[in-house]
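The exercises below are meant to be worked with the sequence and the 3D structure side by side.

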Amino acid sequence: MPQIYIMAAITLSVSLALWGGLTYLLTGHQKRFFWLLLLGLPLSAVANLLLKPQAISAVGRAAHIQPGLGLAAPVWFLAFIVLITPLVEEAIKVLPLLLIPAWKMVTSRVSALWVGFVLGVSFGLGEAIYFAYGVAQSGAYDALPWYAFTGFLNERIMTCFAHGVFTAVLVIGIQRGGRSILYGYLAALGLHLFLNAPTVMYQVQWISYELYNLSLLIPFIVLAVIFEWMRRVVREPNDDQSGNEVVYWQRHIAE
Amino acid sequence: MGIQLSNPIKTFRPRPSFGWFWLVLMAAIIIAISIVPALAVGLSSSSAVVTLIVCIPVAISFLVLAFCFPTMRYELGRDQLKLLYGPVLTYRIPLGEIRSIRRRSLSMTIWSTIRFPGIALFKVPYADVGNVKMCATAALNNILLIETEKEKYGLTPADEEAFVAAIRAQMEG
């Protein structure tokens with residue numbers, strides 16, 4: 001068995017525990033979002049096998065660009081290749097909302113945030129499986145033991161959270177309706193590009209592998225800030241835990 | 001969990017929890033999925049060296065905190081309350097600066113220093129009350145919140161009523 005699968009199993013377990021646990025704790029111990037974790041699992045494979053390659057080859061054929069040019073391809077085409085991932089993925093991640101039970105859960109901005117977050121995490125988990133499968137099929141890393149794939153573990157755990165934040169942004173936009181849908185999509189697109197920037201810089205050899213690994217932390221921290229900001233914005237009055245408060249003593253300030 | 005009255009300083013223990021287990025678990029996870037694999041890959045790899053430089057101090061920190069867990073206590077002196085956690089944490093609260101003492105549950109944010117089920121240490125941001133300096137065996141539920149003019153402190157004395165009565169007696173005495 002390819003050793004990457006062992007690390008993929010660890011990655012899925014840790015991501016599920018971490019991001020599922022976070023959802024459970026931050027939603028006040030609600031379990032009703034968890035079934036959504038199943039819906040996004042196949043979507044990364046669909047995007048990567050069916051949609052993205054076809055879109056790239058269709059545009060390449062239409063513009064008479066030879067396949068396999070790599071960095072020698074026209075700049076606009078390279079930009080399109082960079083753009084196609086967020087364009088396709090941000091759209092496909094919200095497809096499960098076409099299912100009535102999923103859509104019925106989006107009753108408020110706060111539920112939109114959690115539905116989006118869980119759908120995004122689900123997509124991220126599926127993406128980890130798909131990437132592990134891809135690595136196993138390539139055979140290039142067959143000689144490596146499972147513990148050599150800690151880079152995969154770190155990157156995929158963070159990416160699951162990132163996908164959760166992107167999709168939460170878009171689902172909040174969809175819940176608000178009108179132009180907010182477009183704004184939500186563009187915001188998710190922009191954030192996705194921001195996350196992918198270190199990968200693109202590493203691929204065009206602007207940064208080293210070590211710097212690439214470290215630079216993943218910056219978008220992750222920015223996304224965590226955005227996630228907390230969104231939670232504050234969509235907060236509902238009954239989120240305050242002061243209902244069970246017991247005041248033992250309070251200084252009386254003379255007026 | 002009782003009160004020791006052998007000297008003017010009264011010592012109160014926190015209510016029991018399995019917070020130490022989470023600290024050990026965190027150290028174990030870091031060792032299992034970062035340090036052991038990095039050592040197995042070998043020090044010739046720069047990624048492995050970076051992993052070890054980052055992860056070994058973090059794992060040791062968690063183990064030190066777990067080791068210090070039984071030392072968590074609250075010392076009430078003549079004019080100040082000290083929150084202590086081994087040699088790593090000491091908060092001093094002058095009794096004259098206390099504005100309120102209340103028990104409540106807190107809303108979580110994703111930011112924290114040390115906050116796991118059964119333990120919260122150092123400054124932890126909460127969604128509803130802002131930053132709280134924690135020295136407690138609970139992270140969210142039934143926290144005794146002591147507010148001064150500048151800071152908020154979170155603690156979890158085992159005998160909460162005796163603890164509050166002792167502070168009030170000291171402040172009013």
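**Exercise 1.** How many residues lie between E3(B) and E4(B) in their hairpin, and which residue in the turn has a positive phi?

Solution. This is a predicted model, in which local features need pLDDT of at least 70, side-chain atom pairs count only at pLDDT 80 or more, and totals for chains, interfaces and linings use all residues. Residues are numbered from 1 along each chain as its sequence is written, while chains are lettered from A and ligands numbered from 1 in the order in which they are written. Begin with the elements: helices (H or I, at least four residues) and strands (E, at least two) are DSSP runs, numbered from the N terminus. Strand E3 (residues 80–85) and strand E4 (residues 89–94) of chain B run antiparallel and are joined by 6 bridges, where pairing requires that DSSP finds at least two bridges between two strands. Tyr85(B) has Leu89(B) in E4(B) as its bridge partner. The hairpin has 3 residues between its strands, and Gly86(B) in the turn has a positive phi of about 55°.

**Exercise 2.** Which element of chain A gives the most residues to the side that touches chain B?

Solution. First take the contacts, defined by C-beta atoms, placed from the backbone, that lie within 7 Å: 27 residues of chain A are in contact with 26 residues of chain B. The elements that give two or more residues to this side of chain A include helix H1 (4–26), helix H9 (217–233) and strand E1 (246–250). E1(A) gives the most, with 5 residues.

**Exercise 3.** Where does H3(A) bend, and by about how much?

Solution. The bend at a residue is the angle between axes fitted to the seven residues ending there and the seven starting there. H3(A) bends by about 35° at Leu83(A), and Pro86(A) follows within four residues.

Key: Two residues are in contact if their C-beta atoms, placed from the backbone, lie within 7 Å.
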